Each structure stands twice: as structure tokens, then as C-alpha cells.
Protein chains: 4
Amino acid sequence: MTVTSEDVYALAPYAETLGVRFQRLAADGVEAELDCVHALSTVGGGLHGGALMGLADVSAAVCAALNGPENAVPATMQSSTNFLRPLHGRIASAVAQPLHAGRTTVTVEVNISDDEGRLCVRVVQTIAVRAARG
Amino acid sequence: MTVTSEDVYALAPYAETLGVRFQRLAADGVEAELDCVHALSTVGGGLHGGALMGLADVSAAVCAALNGPENAVPATMQSSTNFLRPLHGRIASAVAQPLHAGRTTVTVEVNISDDEGRLCVRVVQTIAVRAARG
Amino acid sequence: MTVTSEDVYALAPYAETLGVRFQRLAADGVEAELDCVHALSTVGGGLHGGALMGLADVSAAVCAALNGPENAVPATMQSSTNFLRPLHGRIASAVAQPLHAGRTTVTVEVNISDDEGRLCVRVVQTIAVRAARG
Amino acid sequence: MTVTSEDVYALAPYAETLGVRFQRLAADGVEAELDCVHALSTVGGGLHGGALMGLADVSAAVCAALNGPENAVPATMQSSTNFLRPLHGRIASAVAQPLHAGRTTVTVEVNISDDEGRLCVRVVQTIAVRAARG
């Protein structure tokens with residue numbers, strides 16, 4: 001299954017609204033980034049936790065879909081996020097990878113780093129993947 | 001401590017960018033809502049999980065600050081989200097309440113419901129609250 | 001479906017090993033308790049977090065099974081625990097209730113309190129419930 | 001700081017009660033194991049989730065203490081667990097490593113594997129580490 005950024009934006013408009021850009025869309029790793037702009041910031045000037053969780057959620061959902069059955073529609077059931085340090089700088093870079101791919105759910109780990117490659121946010125999501133009814 | 005929507009938007013610009021409106025800003029309960037618009041949606045037309053976690057994070061942070069020391073700056077350390085059902089309709093309504101207020105951290109529970117009052121999302125966050133240096 | 005403590009011990013021997021006693025086994029609420037003995041304690045003398053999570057896990061699994069299809073076998077997929085205060089005293093009392101019962105998963109909230117009824121631990125679990133093959 | 005299994009058992013009696021054995025006690029990695037015995041099992045014969053979370057909690061707490069200030073007492077604030085597959089076999093092997101060590105909290109990742117080295121359980125904990133008062 002080949003997926004493009006346009007496919008993701010069409011299915012999940014919030015991904016485009018938030019400003020997520022995809023560098024890589026593959027089953028073994030989805031890479032995406034978000035600019036650290038004032039509109040997405042919080043106290044202290046770093047990226048807001050809500051924007052960071054949005055970046056993670058968007059990336060993890062695509063990763064889960066790519067690890068599910070053909071045309072699987074991802075639905076996040078559970079998301080656990082640890083904020084390790086504030087994310088300042090120019091860009092937030094997310095990498096989403098499958099921890100385990102089951103028949104009906106995929107568990108995805110997302111790591112978000114800053115410009116210096118320091119891990120700032122760790123997310124693990126349990127995502128249901130069910131084949132779309134044709 | 002009295003806090004207004006404008007105070008929150010000034011400190012956390014992402015809250016305004018996302019479109020969060022506050023109905024109540026008090027230590028024992030922060031109430032906020034978000035319109036279910038296409039730009040914030042996902043597959044199937046419901047509100048995107050990232051937008052919902054943004055609404056929860058914004059509400060919980062204000063609740064934590066109001067339960068912390070004077071002029072406390074909230075910093076979310078951990079956030080756990082359970083998505084119970086898709087949120088469709090007109091408005092997502094969040095209520096954030098303190099589960100426990102400690103000296104340096106506040107644990108906040110957020111419940112997000114749809115127009116019919118059905119619980120769609122449950123979030124629990126651990127938030128550090130440290131007095132701002134004067 | 002009627003379930004007894006003996007049924008739970010037979011299916012999940014760890015419940016008996018840990019020392020969990022059930023007061024109530026019903027779909028809308030499972031109540032269980034654990035004695036605060038030295039063998040289950042940690043630094044400072046309170047109940048160890050591992051024992052508390054064991055009590056929660058045992059209680060939540062039964063609650064999920066009672067909310068699933070006939071003869072459902074529960075399998076915890078995700079568990080999020082917030083430790084709000086140390087649990088000292090004589091007994092830890094857990095109440096597990098369904099937050100949402102879906103077709104294949106049940107989300108259960110568990111609250112564990114001390115002798116004075118103070119909330120010490122909050123757990124939310126996502127539990128798969130699949131009908132046992134006959 | 002050098003720590004022995006006996007130190008851990010003395011401080012946290014539940015670690016010994018559960019049957020946790022330590023292979024390595026170092027700041028950059030705590031390794032521990034638990035036998036898959038009937039008394040710790042659940043439906044299907046695998047290790048019970050409560051026993052697995054106990055193993056993880058014990059390992060993470062020691063790891064956090066070793067990454068905190070001298071004589072730090074660890075207190076788990078939040079624990080998120082993903083059960084990826086049932087753990088059958090002879091032994092459950094846990095490795096706890098710091099994701100981030102802050103001044104007052106340490107975030108620890110624990111991976112629990114089976115005899116074949118397959119990842120069965122992933123845990124992330126936020127643990128307060130405060131210097132014991134002398």
C-alpha cells in the first residue's frame with residue numbers, strides 16, 4: 001500500500017490544519033515534522049503539549065494503518081504520553097514505529113525530538129485497525 | 001487567583017489557535033469547548049484525536065495552575081487518554097477537575113462529552129506546578 | 001453470569017496468591033480488598049505499587065469479563081495507573097467499574113482507597129473480551 | 001552507590017515476596033527476572049498481568065533510585081503498561097532503563113521479554129526521587 005501526504009490530509013483534515021509534514025510514510029517507520037511557530041506554543045515559548053500530541057497521534061495512526069489489513073481504518077483507543085523536556089527550536093521531528101502488530105490492533109511507539117536530536121516526547125498508542133467495508 | 005480566557009490565550013497561544021472556548025475557569029472545575037468543524041476532523045468525520053487531546057491538555061493545564069501555588073506555571077509530565085467512542089455532533093465539551101493536588105504536582109481528570117452528554121474521551125494528566133520566579 | 005471468588009481463583013491463580021478478597025462480583029461494580037501486610041509493602045511501610053496494580057488488574061479483569069460476551073476471557077491490553085498518595089493502614093479497598101463496554105473491548109476504571117476512604121490509586125484499563133471457543 | 005538484592009528486599013519486601021531476582025543493578029540498566037510459576041499465572045497459563053506489572057515496578061523503582069540524588073527514595077507517580085502478547089515459558093526477563101533523569105523525577109522504560117527474547121510487555125513510569133532526610 002502506497003500512501004501520500006495528500007491521502008492523509010484527505011482522510012484526516014486535522015493533520016493538514018495542524019501543519020504536519022510527512023518525510024516518510026512506510027510500515028516500518030513514519031517520519032513527520034511540525035514547525036515550532038508561535039501559534040502552536042505554550043508558556044515559555046516551546047511547542048504546546050496539545051500540538052505535540054497531535055503530531056504524535058497523526059503519525060501513529062498512519063503507521064498503524066500501514067501495519068493493518070488492506071484499507072484498514074485506524075482508530076486510536078489509548079494514548080500514553082511522557083513529556084521529558086520542553087521542545088524549543090525550529091522543528092519537532094516525530095518517528096512512529098510499530099511495537100507490535102496484531103490482527104485487530106497495532107501498538108505504536110512515537111519519539112519526538114528537537115533540532116539537536118534530544119528526545120523530548122515519548123508516546124505509545126494502542127490503535128484498532130479494522131478493514132474498511134467495501 | 002482570577003483567570004480569564006484572554007490570560008490563557010496570552011500564556012498558551014495554541015489554546016486560541018485550536019479554538020478552545022472557556023465557560024468556567026475555577027480551581028474545582030475548568031469547563032471548555034471546541035466546535036466540531038471539518039478542519040479538526042478525522043476519518044469518519046468525528047473530531048480528530050489530536051484535537052481532542054489538545055482540548056484536554058489546555059483544560060487540564062489551567063486546572064492544575066489554579067490548584068498550584070500562586071502564579072504557578074503548569075508543565076504536563078504525563079498524559080493518558082482513553083478514546084471511548086468517536087465524537088460527532090456540534091460541540092465537544094470538556095470538564096477538567098483535580099483528582100489530587102500535591103505540593104509540586106497536580107493530577108487532573110478530564111472528561112470530554114458530545115452534544116448528548118455521552119462520555120467520549122477520558123484523560124488523566126500529571127502536571128508539575130512550580131511557582132514562577134519573581 | 002454468576003461468578004464466585006473460587007471461580008476467579010481457579011482461572012487466575014495469582015489473585016489468590018496475592019491475597020485478593022472479593023466483596024462484590026457484579027457487572028456494574030467489582031469490589032475487592034487486600035490486607036496491608038509487611039510482605040506486600042515498600043519503602044515507608046505502605047502497600048507496594050506492584051501489589052496495588054495487581055489488586056487493580058485482578059478487579060478490572062473480572063469487571064471486564066462480566067461486561068463482555070458470555071464466557072468472555074479478559075486480556076488486558078493497556079493499563080494506566082496514577083499513584084496519588086501512599087496507601088497505609090489496614091486494608092486497600094478497590095472498586096472497578098466499566099467506563100465503556102464495547103463489542104470486543106471494555107474500558108474499566110478502578111479506584112483504590114484506604115481505611116479513611118481517601119483515593120490513593122486510580123487505574124484505567126483497556127481490556128479485550130473475546131468469547132471463549134466452546 | 002552500590003546496591004544489592006538484599007538492599008532491595010529490605011527496603012521493598014514485596015520484591016522478595018513476588019520472587020524477583022536481580023541480575024544487574026546499575027544506573028544505566030536494571031535487569032531482573034521472575035519465574036513463570038502456576039501461583040503467578042492467569043487464564044491460559046501465562047504470567048498474570050499483575051505479576052508482570054509488579055516485576056516492572058520493582059525494577060523501575062531501583063533504576064530511578066540509582067539515577068536520583070544520593071540515598072534517593074523512589075515513589076512511582078505514574079505507570080503506563082502495554083501488554084503486547086501473553087508471556088509463556090520459563091522466565092520473564094525485565095530490563096529497566098532511564099529515558100530521562102531530571103532533578104526530582106526519573107522516567108524509566110521497562111521491557112519484559114520471554115525465553116525467546118520476544119517483547120511481551122512495555123512499561124513507562126514517572127518516578128519521583130527525593131533525597132532522604134538524614
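User: How many disulfides are there over all chains?
Analyst: This is a predicted model, so the count is computed from its coordinates. A disulfide needs two cysteine sulfur atoms within 2.5 Å. By this rule, the number of disulfides over all chains is zero.

User: How far from B:Cys63 is the nearest cysteine sulfur?
Analyst: B:Cys63 takes part in no disulfide. The residue is buried, at a relative accessible area of 0%. Its nearest cysteine sulfur belongs to C:Cys120, and the distance is 20 Å.

User: Which cysteine has the sulfur nearest to that of C:Cys120?
Analyst: C:Cys120 is buried too, with 0% relative accessibility. C:Cys120 is in no disulfide. The nearest cysteine sulfur is 8.9 Å away, and it is that of C:Cys36.

User: Which strands stand at the edges of the open sheet of 12 strands?
Analyst: The order is β1(A)-β2(A)-β4(A)-β5(A)-β6(A)-β3(A)-β3(B)-β6(B)-β5(B)-β4(B)-β2(B)-β1(B), and the pairing is antiparallel. An edge strand has a single partner, so one of its sides is left without a neighbour in the sheet. The edge strands are β1 (21-26) of chain A and β1 (21-26) of chain B.

User: What is the average twist from one strand to the next?
Analyst: The sheet in question is the open one of 12 strands, with antiparallel pairing. From one strand to the next, its twist averages 20°.

User: What angle does the direction of helix α3 of chain A make with that of β4(A)?
Analyst: Helix α3 (residues 49-67) of chain A packs on the sheet. In chain A it touches β1, β2, β3 (72-83), β4 (91-101), β5 (105-113) and β6 (119-131). The helix also touches β3 (72-83) and β6 (119-131) of chain B. Its direction and that of β4(A) make an angle of about 40°.

User: Is strand β6 of chain C largely enclosed or left open, and how many of its 13 residues are buried?
Analyst: Buried means under 20% relative accessible area. Strand β6 (residues 119-131) of chain C is largely enclosed by the rest of the structure, because the buried residues number 11 of the 13.

User: What is the bridge partner of C:Ala75 in β6(C)?
Analyst: β3 (residues 72-83) of chain C runs antiparallel to β6(C), with 11 bridges between them. In β6(C), C:Ala75 has as its bridge partner C:Ala128.

User: Which residue takes a positive phi in the hairpin of β5(C) and β6(C)?
Analyst: β5 (residues 105-113) of chain C pairs with β6(C) in the antiparallel sense over nine bridges. One of the bridges joins C:Val108 to C:Gln125. The hairpin has five residues between the strands. The residue with a positive phi, near 80°, is C:Gly117.

User: The search finds four aromatic pairs over all chains. What kind of pair do A:Tyr9 and A:Phe22 form?
Analyst: A:Tyr9 sits in helix α1 (residues 5-11) of chain A and A:Phe22 in strand β1 of chain A, 13 residues apart. Both are buried: A:Tyr9 has a relative accessible area of 13%, and A:Phe22 has 11%. The ring centres are 6.4 Å apart and the planes are at 40°, so the pair is tilted.

User: How many residues apart in sequence are the parts tied together by B:Tyr9 and B:Phe22?
Analyst: The rings of B:Tyr9 and B:Phe22 have centres 6.4 Å apart and planes at 40°, so this pair is tilted. B:Tyr9 is buried at 13%, and B:Phe22 is buried at 11%. B:Tyr9 lies in helix α1 (residues 5-11) of chain B and B:Phe22 in strand β1 of chain B, so the separation in sequence is 13 residues.

Technical notes: Residues numbered from 1 in each chain as written. Chains lettered and ligands numbered in written order. Predicted model: local features only at pLDDT ≥ 70, side-chain atom pairs only at ≥ 80, totals over all residues. Heavy atoms only, no water. Pairing = 2+ DSSP bridges. Helix = DSSP H or I, 4+ residues; strand = E, 2+ residues; numbered from the N terminus. Axes fitted to C-alpha atoms, helices over the stretch in contact; angles between N-to-C directions. Contact = heavy atoms within 4.5 Å. Buried < 20%, exposed > 50% of the residue type's maximum accessible area, 1.4 Å probe, protein only. Phe/Tyr/Trp six-rings, centres within 6.5 Å; stacked < 30°, edge-to-face > 60°.
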